[in-house]
Amino acid sequence: MSTSAMQHQTSDKPAAGGCGEQMHALMRELFPLHRSQTGAGVRQSLQLLQRVVPLEVNEVESGTPVFGWTVPDEWTIRDAWIKDAQGRRLVDYQQSNLHVVGTSQGIRETMTFAELRPHLHSLPEHPEWIPYRTNHFQEGWGFCLSDSQLDQLRQAGPDAEYEVCIDAEMQPGSLSYGELLLPGETDEQVLVSTHICHPSLANDNLSGIVVAAYLAAQLQQAPRRLSYRFLFLPATIGPIAWLALNRDVIPHIHHGLVLACLGDSGPVTYKRSRRSRQSRAAVDQAVELVLRDRGTPHEIREFSPTGYDERQYCSPGFDLPVGRLTRTPNGEFAEYHTSADNLEFVQPECLADSLDCCLEIIGALEANVTYQNTHPWCEPPLGSAGLYDGYGACDPKRAALQEAVQWVLNFSDRRHSLLDIAQRSSLPLADLHEAAKRLVACELIQQSDQIQP
Ligand code: ZN
(Lines give C-alpha, C1' and ligand atoms only; values in the text may rest on other atoms or scores of the structure.)
Protein backbone atom coordinates (compact mmCIF):
# COMPACT_ATOMS: atom_id res chain seq x y z
CA MET A 1 0.00 0.00 0.00
CA SER A 2 1.27 3.43 -0.86
CA THR A 3 1.47 6.25 1.63
CA SER A 4 -1.52 7.96 0.07
CA ALA A 5 -3.53 4.75 0.33
CA MET A 6 -2.82 4.70 4.06
CA GLN A 7 -3.97 8.30 4.41
CA HIS A 8 -7.22 7.52 2.67
CA GLN A 9 -7.56 4.17 4.34
CA THR A 10 -11.17 4.50 5.25
CA SER A 11 -12.34 6.18 2.08
CA ASP A 12 -10.58 4.12 -0.59
CA LYS A 13 -10.38 0.42 -0.06
CA PRO A 14 -6.66 -0.30 0.18
CA ALA A 15 -5.41 -3.19 -1.87
CA ALA A 16 -2.79 -5.63 -0.67
CA GLY A 17 -2.41 -6.19 -4.42
CA GLY A 18 0.33 -8.62 -5.32
CA CYS A 19 1.15 -9.21 -1.67
CA GLY A 20 -0.83 -12.46 -1.62
CA GLU A 21 1.69 -14.15 -3.90
CA GLN A 22 4.61 -12.56 -2.06
CA MET A 23 3.28 -13.70 1.31
CA HIS A 24 2.73 -17.20 -0.04
CA ALA A 25 6.27 -17.26 -1.44
CA LEU A 26 7.64 -16.28 1.99
CA MET A 27 5.55 -19.05 3.56
CA ARG A 28 7.09 -21.57 1.20
CA GLU A 29 10.54 -20.58 2.46
CA LEU A 30 9.48 -20.69 6.10
CA PHE A 31 7.51 -23.92 5.78
CA PRO A 32 10.34 -26.51 6.04
CA LEU A 33 12.03 -24.89 9.06
CA HIS A 34 11.49 -26.79 12.27
CA ARG A 35 10.11 -24.19 14.61
CA SER A 36 9.40 -25.05 18.23
CA GLN A 37 9.14 -23.00 21.43
CA THR A 38 12.86 -22.36 21.24
CA GLY A 39 15.82 -23.20 19.07
CA ALA A 40 17.40 -22.81 15.67
CA GLY A 41 14.19 -23.11 13.64
CA VAL A 42 12.71 -20.05 15.37
CA ARG A 43 15.90 -18.05 14.87
CA GLN A 44 16.14 -18.99 11.19
CA SER A 45 12.49 -18.01 10.74
CA LEU A 46 13.04 -14.62 12.39
CA GLN A 47 16.07 -14.08 10.16
CA LEU A 48 13.96 -14.75 7.08
CA LEU A 49 11.36 -12.25 8.32
CA GLN A 50 14.10 -9.64 8.70
CA ARG A 51 14.19 -9.50 4.89
CA VAL A 52 10.67 -8.03 5.04
CA VAL A 53 10.82 -5.97 8.26
CA PRO A 54 13.71 -4.87 10.49
CA LEU A 55 12.74 -7.05 13.43
CA GLU A 56 14.86 -6.94 16.51
CA VAL A 57 15.56 -10.49 17.70
CA ASN A 58 15.51 -10.70 21.49
CA GLU A 59 16.67 -13.62 23.60
CA VAL A 60 15.40 -14.61 27.06
CA GLU A 61 17.76 -16.95 28.86
CA SER A 62 16.58 -20.47 29.73
CA GLY A 63 15.71 -20.69 33.41
CA THR A 64 14.41 -17.10 33.62
CA PRO A 65 11.41 -17.10 35.97
CA VAL A 66 8.34 -15.43 34.44
CA PHE A 67 5.06 -15.32 36.43
CA GLY A 68 5.57 -18.75 37.98
CA TRP A 69 6.76 -20.26 34.69
CA THR A 70 10.35 -20.91 33.70
CA VAL A 71 11.76 -20.13 30.28
CA PRO A 72 12.57 -23.61 28.92
CA ASP A 73 15.82 -25.02 27.67
CA GLU A 74 16.48 -25.01 23.97
CA TRP A 75 15.48 -28.01 21.95
CA THR A 76 17.79 -29.13 19.18
CA ILE A 77 16.84 -31.90 16.79
CA ARG A 78 19.09 -33.25 14.05
CA ASP A 79 17.38 -36.40 12.79
CA ALA A 80 14.86 -39.07 13.74
CA TRP A 81 13.59 -42.35 12.31
CA ILE A 82 11.95 -45.71 12.89
CA LYS A 83 13.84 -48.39 10.93
CA ASP A 84 12.78 -51.96 10.32
CA ALA A 85 15.13 -54.95 10.61
CA GLN A 86 16.28 -54.34 7.02
CA GLY A 87 17.36 -50.82 7.91
CA ARG A 88 14.60 -49.12 5.91
CA ARG A 89 13.33 -45.85 7.37
CA LEU A 90 9.61 -46.50 7.79
CA VAL A 91 9.13 -43.16 9.54
CA ASP A 92 11.61 -40.49 8.54
CA TYR A 93 12.06 -37.02 10.06
CA GLN A 94 13.73 -35.94 6.81
CA GLN A 95 10.36 -36.39 5.07
CA SER A 96 8.41 -34.28 7.56
CA ASN A 97 9.32 -32.58 10.82
CA LEU A 98 5.80 -33.38 12.05
CA HIS A 99 6.95 -36.99 12.51
CA VAL A 100 8.59 -36.15 15.85
CA VAL A 101 6.51 -35.09 18.84
CA GLY A 102 7.70 -31.53 19.59
CA THR A 103 10.41 -31.27 22.27
CA SER A 104 10.80 -35.07 22.46
CA GLN A 105 13.83 -36.18 24.40
CA GLY A 106 16.58 -38.06 22.57
CA ILE A 107 16.44 -41.84 22.28
CA ARG A 108 18.23 -44.58 20.35
CA GLU A 109 17.03 -48.10 21.08
CA THR A 110 15.85 -51.26 19.43
CA MET A 111 12.41 -52.25 20.63
CA THR A 112 9.40 -54.31 19.66
CA PHE A 113 6.27 -52.84 18.12
CA ALA A 114 4.46 -53.56 21.40
CA GLU A 115 6.99 -51.40 23.26
CA LEU A 116 6.96 -48.71 20.59
CA ARG A 117 3.17 -48.49 20.19
CA PRO A 118 2.43 -46.18 23.21
CA HIS A 119 4.79 -43.63 21.63
CA LEU A 120 3.00 -43.53 18.26
CA HIS A 121 0.25 -41.06 17.32
CA SER A 122 -1.91 -41.22 14.22
CA LEU A 123 -5.30 -40.01 12.98
CA PRO A 124 -7.48 -43.01 12.08
CA GLU A 125 -10.19 -40.66 10.74
CA HIS A 126 -7.70 -39.22 8.20
CA PRO A 127 -5.43 -42.19 7.44
CA GLU A 128 -3.06 -40.26 5.14
CA TRP A 129 -2.47 -37.26 7.43
CA ILE A 130 0.27 -36.92 10.05
CA PRO A 131 -0.90 -35.30 13.28
CA TYR A 132 1.06 -32.52 15.00
CA ARG A 133 1.77 -33.16 18.68
CA THR A 134 4.00 -31.49 21.23
CA ASN A 135 5.33 -32.46 24.57
CA HIS A 136 6.10 -28.98 25.96
CA PHE A 137 7.30 -28.95 29.56
CA GLN A 138 7.12 -32.74 29.85
CA GLU A 139 9.57 -35.60 29.68
CA GLY A 140 9.12 -38.29 27.08
CA TRP A 141 9.24 -38.82 23.38
CA GLY A 142 7.02 -39.85 20.55
CA PHE A 143 6.42 -40.13 16.82
CA CYS A 144 3.51 -38.94 14.72
CA LEU A 145 2.73 -40.88 11.58
CA SER A 146 -0.08 -41.44 9.17
CA ASP A 147 -2.48 -44.21 10.10
CA SER A 148 -1.52 -46.05 6.92
CA GLN A 149 2.13 -46.01 8.06
CA LEU A 150 1.00 -47.29 11.44
CA ASP A 151 -0.90 -50.09 9.69
CA GLN A 152 2.31 -51.20 8.02
CA LEU A 153 3.92 -51.55 11.45
CA ARG A 154 0.85 -53.27 12.88
CA GLN A 155 0.86 -55.82 10.11
CA ALA A 156 4.39 -56.92 10.99
CA GLY A 157 3.06 -57.98 14.40
CA PRO A 158 3.75 -57.03 18.03
CA ASP A 159 7.13 -58.75 18.22
CA ALA A 160 8.65 -57.16 15.14
CA GLU A 161 11.71 -55.17 16.13
CA TYR A 162 12.51 -51.60 15.16
CA GLU A 163 15.44 -49.32 15.60
CA VAL A 164 14.09 -46.10 17.04
CA CYS A 165 16.15 -42.91 17.00
CA ILE A 166 15.43 -39.31 17.93
CA ASP A 167 18.71 -37.43 17.72
CA ALA A 168 17.65 -34.52 19.91
CA GLU A 169 18.55 -32.81 23.15
CA MET A 170 17.41 -30.07 25.52
CA GLN A 171 20.14 -27.73 26.67
CA PRO A 172 20.21 -24.34 28.36
CA GLY A 173 20.06 -21.57 25.78
CA SER A 174 17.39 -18.98 25.24
CA LEU A 175 13.91 -18.26 23.97
CA SER A 176 14.01 -16.09 20.86
CA TYR A 177 11.33 -13.68 19.76
CA GLY A 178 11.06 -10.88 17.23
CA GLU A 179 9.93 -7.37 18.09
CA LEU A 180 9.44 -4.21 16.06
CA LEU A 181 8.30 -0.83 17.31
CA LEU A 182 7.06 1.65 14.71
CA PRO A 183 6.71 4.98 16.49
CA GLY A 184 3.87 7.31 15.52
CA GLU A 185 2.82 10.84 16.48
CA THR A 186 1.52 9.54 19.80
CA ASP A 187 2.81 6.82 22.09
CA GLU A 188 -0.63 5.18 22.05
CA GLN A 189 0.50 1.73 20.92
CA VAL A 190 -1.23 -0.96 18.90
CA LEU A 191 0.11 -4.40 19.77
CA VAL A 192 0.14 -6.99 16.98
CA SER A 193 1.12 -10.43 18.22
CA THR A 194 1.52 -13.71 16.39
CA HIS A 195 2.90 -17.14 17.32
CA ILE A 196 5.98 -18.58 15.69
CA CYS A 197 6.39 -21.93 17.43
CA HIS A 198 4.75 -24.36 15.01
CA PRO A 199 6.80 -26.49 12.60
CA SER A 200 5.62 -27.28 9.04
CA LEU A 201 2.03 -26.06 9.36
CA ALA A 202 0.80 -23.36 7.03
CA ASN A 203 -2.42 -21.83 8.29
CA ASP A 204 -1.47 -22.28 11.96
CA ASN A 205 0.57 -20.21 11.89
CA LEU A 206 2.73 -19.22 8.96
CA SER A 207 -0.32 -17.35 7.71
CA GLY A 208 -0.40 -15.14 10.83
CA ILE A 209 3.36 -14.65 10.63
CA VAL A 210 3.46 -13.49 7.01
CA VAL A 211 0.37 -11.28 7.35
CA ALA A 212 1.89 -9.63 10.45
CA ALA A 213 5.23 -9.15 8.66
CA TYR A 214 3.63 -7.57 5.57
CA LEU A 215 1.36 -5.44 7.75
CA ALA A 216 4.44 -4.15 9.57
CA ALA A 217 6.23 -3.52 6.27
CA GLN A 218 3.30 -1.49 4.94
CA LEU A 219 2.83 0.50 8.13
CA GLN A 220 6.53 1.27 8.14
CA GLN A 221 6.01 3.19 4.87
CA ALA A 222 2.91 5.05 6.06
CA PRO A 223 2.35 8.18 8.17
CA ARG A 224 1.25 7.02 11.61
CA ARG A 225 -0.77 8.77 14.29
CA LEU A 226 -0.49 5.68 16.49
CA SER A 227 2.58 3.63 17.36
CA TYR A 228 2.77 -0.06 16.51
CA ARG A 229 4.50 -2.85 18.38
CA PHE A 230 4.81 -6.16 16.57
CA LEU A 231 5.66 -9.34 18.46
CA PHE A 232 6.58 -12.64 16.82
CA LEU A 233 6.87 -15.08 19.68
CA PRO A 234 6.32 -18.70 20.70
CA ALA A 235 2.76 -19.28 21.92
CA THR A 236 1.99 -19.10 25.65
CA ILE A 237 5.52 -18.92 27.11
CA GLY A 238 6.41 -16.14 24.63
CA PRO A 239 3.77 -13.61 25.71
CA ILE A 240 4.14 -14.69 29.34
CA ALA A 241 7.87 -13.90 29.18
CA TRP A 242 7.28 -10.67 27.23
CA LEU A 243 4.60 -9.43 29.65
CA ALA A 244 6.78 -10.29 32.65
CA LEU A 245 9.82 -8.50 31.27
CA ASN A 246 8.14 -5.44 29.74
CA ARG A 247 5.91 -4.14 32.52
CA ASP A 248 6.87 -0.54 31.69
CA VAL A 249 5.54 -0.86 28.13
CA ILE A 250 2.15 -2.27 29.11
CA PRO A 251 0.47 1.08 30.04
CA HIS A 252 1.18 2.26 26.48
CA ILE A 253 -0.75 -0.61 24.87
CA HIS A 254 -4.13 0.91 23.96
CA HIS A 255 -5.23 -1.59 21.30
CA GLY A 256 -4.13 -5.02 20.23
CA LEU A 257 -4.71 -7.89 17.86
CA VAL A 258 -3.57 -11.48 17.98
CA LEU A 259 -3.23 -12.70 14.39
CA ALA A 260 -3.48 -16.39 13.47
CA CYS A 261 -5.01 -18.74 10.91
CA LEU A 262 -5.43 -16.07 8.23
CA GLY A 263 -4.86 -18.08 5.05
CA ASP A 264 -7.86 -20.41 4.71
CA SER A 265 -10.95 -19.56 2.71
CA GLY A 266 -13.29 -19.33 5.71
CA PRO A 267 -14.96 -16.05 6.72
CA VAL A 268 -13.02 -13.59 8.87
CA THR A 269 -13.74 -14.33 12.53
CA TYR A 270 -13.11 -11.79 15.26
CA LYS A 271 -12.98 -12.65 18.93
CA ARG A 272 -13.60 -9.62 21.11
CA SER A 273 -11.29 -8.53 23.87
CA ARG A 274 -12.17 -9.39 27.46
CA ARG A 275 -13.22 -5.78 28.06
CA SER A 276 -16.04 -5.85 25.57
CA ARG A 277 -18.71 -6.53 28.19
CA GLN A 278 -17.90 -3.63 30.53
CA SER A 279 -16.70 -0.94 28.16
CA ARG A 280 -16.28 -0.99 24.41
CA ALA A 281 -12.62 -1.29 23.54
CA ALA A 282 -11.82 0.80 20.46
CA VAL A 283 -10.21 -2.22 18.81
CA ASP A 284 -13.45 -4.19 19.16
CA GLN A 285 -15.41 -1.27 17.71
CA ALA A 286 -12.90 -0.79 14.89
CA VAL A 287 -12.89 -4.44 13.82
CA GLU A 288 -16.65 -4.76 14.02
CA LEU A 289 -17.23 -1.60 11.99
CA VAL A 290 -14.69 -2.64 9.37
CA LEU A 291 -16.33 -6.05 9.04
CA ARG A 292 -19.78 -4.40 8.90
CA ASP A 293 -18.68 -1.95 6.21
CA ARG A 294 -16.90 -4.66 4.17
CA GLY A 295 -20.24 -6.42 3.80
CA THR A 296 -18.55 -9.81 3.39
CA PRO A 297 -19.44 -12.88 5.48
CA HIS A 298 -17.82 -12.70 8.90
CA GLU A 299 -18.39 -13.72 12.48
CA ILE A 300 -17.98 -11.81 15.75
CA ARG A 301 -17.46 -13.85 18.90
CA GLU A 302 -17.47 -12.94 22.56
CA PHE A 303 -14.24 -13.25 24.54
CA SER A 304 -13.44 -16.60 26.11
CA PRO A 305 -10.31 -17.48 28.08
CA THR A 306 -9.32 -20.21 25.61
CA GLY A 307 -7.60 -19.94 22.27
CA TYR A 308 -4.28 -18.27 21.42
CA ASP A 309 -2.18 -15.64 23.13
CA GLU A 310 -5.12 -13.37 23.87
CA ARG A 311 -5.33 -15.64 26.94
CA GLN A 312 -2.23 -13.94 28.35
CA TYR A 313 -2.85 -10.36 27.17
CA CYS A 314 -6.44 -10.57 28.47
CA SER A 315 -5.57 -12.27 31.77
CA PRO A 316 -7.30 -10.30 34.54
CA GLY A 317 -4.10 -8.70 35.88
CA PHE A 318 -3.46 -7.05 32.47
CA ASP A 319 -6.90 -7.06 30.84
CA LEU A 320 -5.46 -5.41 27.75
CA PRO A 321 -7.85 -4.45 24.95
CA VAL A 322 -6.58 -7.20 22.67
CA GLY A 323 -8.87 -9.09 20.31
CA ARG A 324 -8.09 -11.96 17.99
CA LEU A 325 -8.43 -12.00 14.24
CA THR A 326 -8.54 -15.30 12.36
CA ARG A 327 -10.39 -16.72 9.42
CA THR A 328 -11.47 -20.23 10.55
CA PRO A 329 -10.37 -20.38 14.20
CA ASN A 330 -8.02 -22.96 15.67
CA GLY A 331 -9.49 -26.41 16.07
CA GLU A 332 -12.42 -25.66 13.75
CA PHE A 333 -10.99 -26.87 10.45
CA ALA A 334 -10.29 -30.55 9.86
CA GLU A 335 -6.71 -29.87 8.70
CA TYR A 336 -5.84 -28.09 11.98
CA HIS A 337 -2.66 -29.48 13.58
CA THR A 338 -2.13 -32.03 10.81
CA SER A 339 0.07 -32.39 7.76
CA ALA A 340 -2.96 -31.34 5.68
CA ASP A 341 -2.51 -27.79 6.97
CA ASN A 342 -0.04 -27.35 4.15
CA LEU A 343 0.89 -24.83 1.49
CA GLU A 344 -2.02 -25.88 -0.73
CA PHE A 345 -4.48 -25.33 2.10
CA VAL A 346 -3.52 -21.65 2.32
CA GLN A 347 -4.49 -19.48 -0.63
CA PRO A 348 -2.62 -16.28 -1.70
CA GLU A 349 -5.91 -14.43 -2.24
CA CYS A 350 -7.05 -15.31 1.29
CA LEU A 351 -3.76 -14.03 2.72
CA ALA A 352 -4.19 -10.83 0.67
CA ASP A 353 -7.78 -10.40 1.88
CA SER A 354 -6.65 -10.91 5.51
CA LEU A 355 -3.91 -8.30 5.07
CA ASP A 356 -6.45 -5.89 3.54
CA CYS A 357 -8.73 -6.47 6.50
CA CYS A 358 -5.90 -5.74 8.95
CA LEU A 359 -5.01 -2.55 7.05
CA GLU A 360 -8.64 -1.44 7.18
CA ILE A 361 -8.75 -2.09 10.94
CA ILE A 362 -5.58 -0.05 11.41
CA GLY A 363 -7.13 2.65 9.20
CA ALA A 364 -10.18 2.72 11.47
CA LEU A 365 -8.01 3.04 14.59
CA GLU A 366 -5.96 5.78 12.91
CA ALA A 367 -9.17 7.66 12.06
CA ASN A 368 -10.64 7.20 15.51
CA VAL A 369 -10.38 10.71 16.86
CA THR A 370 -12.80 12.57 19.12
CA TYR A 371 -13.81 16.01 17.90
CA GLN A 372 -15.39 19.07 19.37
CA ASN A 373 -17.93 21.08 17.41
CA THR A 374 -16.78 24.70 17.40
CA HIS A 375 -20.32 25.96 16.60
CA PRO A 376 -22.54 23.73 18.74
CA TRP A 377 -25.50 26.13 18.98
CA CYS A 378 -27.75 25.03 16.14
CA GLU A 379 -26.40 23.85 12.81
CA PRO A 380 -23.90 26.21 11.24
CA PRO A 381 -24.67 27.36 7.68
CA LEU A 382 -23.10 24.47 5.78
CA GLY A 383 -24.06 25.62 2.33
CA SER A 384 -21.48 28.40 2.39
CA ALA A 385 -18.83 25.84 3.43
CA GLY A 386 -19.78 23.72 0.42
CA LEU A 387 -21.08 20.96 2.65
CA TYR A 388 -24.81 21.25 2.04
CA ASP A 389 -26.80 21.19 -1.18
CA GLY A 390 -30.28 21.41 0.32
CA TYR A 391 -32.86 19.50 -1.68
CA GLY A 392 -30.57 19.70 -4.69
CA ALA A 393 -28.31 16.88 -3.40
CA CYS A 394 -29.32 14.24 -5.89
CA ASP A 395 -25.85 12.80 -6.40
CA PRO A 396 -25.94 9.84 -3.98
CA LYS A 397 -22.29 10.38 -3.00
CA ARG A 398 -22.94 14.03 -2.14
CA ALA A 399 -26.08 13.07 -0.25
CA ALA A 400 -24.17 10.44 1.77
CA LEU A 401 -21.43 12.94 2.58
CA GLN A 402 -24.00 15.50 3.63
CA GLU A 403 -25.63 13.04 6.00
CA ALA A 404 -22.23 12.10 7.40
CA VAL A 405 -21.40 15.79 7.94
CA GLN A 406 -24.59 16.23 9.95
CA TRP A 407 -23.82 13.21 12.12
CA VAL A 408 -20.22 14.22 12.75
CA LEU A 409 -21.23 17.79 13.61
CA ASN A 410 -23.97 16.73 15.98
CA PHE A 411 -21.93 14.14 17.86
CA SER A 412 -18.65 16.00 17.99
CA ASP A 413 -19.36 16.77 21.61
CA ARG A 414 -16.18 15.27 23.10
CA ARG A 415 -18.22 12.30 24.29
CA HIS A 416 -18.32 10.41 20.99
CA SER A 417 -15.33 9.21 19.03
CA LEU A 418 -15.60 8.77 15.28
CA LEU A 419 -16.10 5.03 15.85
CA ASP A 420 -18.95 5.80 18.29
CA ILE A 421 -20.56 7.98 15.62
CA ALA A 422 -20.13 5.24 12.99
CA GLN A 423 -21.82 2.80 15.31
CA ARG A 424 -24.67 5.07 16.29
CA SER A 425 -25.38 6.37 12.78
CA SER A 426 -24.88 3.05 10.95
CA LEU A 427 -23.11 5.15 8.30
CA PRO A 428 -19.91 3.84 6.69
CA LEU A 429 -16.84 4.84 8.63
CA ALA A 430 -15.21 5.98 5.36
CA ASP A 431 -17.96 8.60 4.80
CA LEU A 432 -17.71 9.85 8.38
CA HIS A 433 -13.93 10.06 8.14
CA GLU A 434 -14.21 12.09 4.94
CA ALA A 435 -16.84 14.36 6.54
CA ALA A 436 -14.62 14.88 9.59
CA LYS A 437 -11.66 15.85 7.39
CA ARG A 438 -13.78 18.43 5.56
CA LEU A 439 -15.25 19.81 8.78
CA VAL A 440 -11.76 20.13 10.27
CA ALA A 441 -10.64 21.94 7.10
CA CYS A 442 -13.38 24.56 7.52
CA GLU A 443 -12.78 24.74 11.28
CA LEU A 444 -16.27 23.60 12.21
CA ILE A 445 -14.82 20.84 14.39
CA GLN A 446 -11.47 20.38 16.04
CA GLN A 447 -9.70 17.39 17.51
CA SER A 448 -10.23 17.07 21.22
CA ASP A 449 -9.64 14.78 24.15
CA GLN A 450 -12.57 12.58 24.93
CA ILE A 451 -14.37 13.16 28.19
CA GLN A 452 -15.97 10.21 29.93
CA PRO A 453 -19.53 9.79 28.70
ZN1 ZN B 1 -1.55 -24.47 16.94
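**Strand pairing, helix packing and a buried loop threonine**

K271 lies opposite R301 of strand 15. In this predicted model, K271 also has a bridge partner in strand 16, namely R324. K271 belongs to strand 14, which spans residues 268-271.

With strand 15, which covers residues 298-301, the pairing is parallel and extends over four bridges. With strand 16, formed by residues 322-326, strand 14 runs antiparallel and is joined by three bridges. Strands of a sheet pair through backbone hydrogen bonds, in either a parallel or an antiparallel sense.

A further sheet is open and consists of four strands in the order 5-4-9-6, with antiparallel pairing. Strand 5 and strand 6 form its edges, each pairing on one side only. From one strand to the next, the twist averages 20°. Within this sheet, strand 4 (residues 74-83) and strand 9 (residues 161-171) run antiparallel and are joined by nine bridges. In that pairing, E74 stands opposite Q171 of strand 9.

The loop between strand 5 (89-92) and strand 6 (107-112) contains T103. Is T103 buried or exposed? Its relative accessibility is 7%, and T103 therefore counts as buried, the cut-off being under 20%. Beyond its neighbours within four places in sequence, T103 is in contact with S36, W75, N135, H136 and G140. For one of these residues, N135, the backbone oxygen lies 3.4 Å from a polar atom of the T103 side chain.

Helix packing was examined for helix 8 (residues 282-294) and helix 12 (residues 418-425). The axes of helix 8 and helix 12 are 10 Å apart, and the two helices pack at an angle of about 45°. Helix 8 and helix 12 are therefore oblique to each other. The crossing in which helix 8 passes helix 12 is left-handed. On the helix 8 side, the residues that meet helix 12 are A282, Q285, A286, L289 and R292. Their counterparts in helix 12 are L419, D420, A422 and Q423.

Note on methods: Residues numbered from 1 in each chain as written. Predicted model: local features only at pLDDT ≥ 70, side-chain atom pairs only at ≥ 80, totals over all residues. Heavy atoms only, no water. Buried < 20%, exposed > 50% of the residue type's maximum accessible area, 1.4 Å probe, protein only. Polar contact = N/O pair within 3.5 Å; in protein donor to acceptor, adjacent residues only side chain to side chain. Contact = heavy atoms within 4.5 Å. Pairing = 2+ DSSP bridges. Axes fitted to C-alpha atoms, helices over the stretch in contact; angles between N-to-C directions. Parallel < 35°, antiparallel > 145°, perpendicular 65-115°, else oblique. Left-handed = near helix turned anticlockwise from the far one by under 90°.
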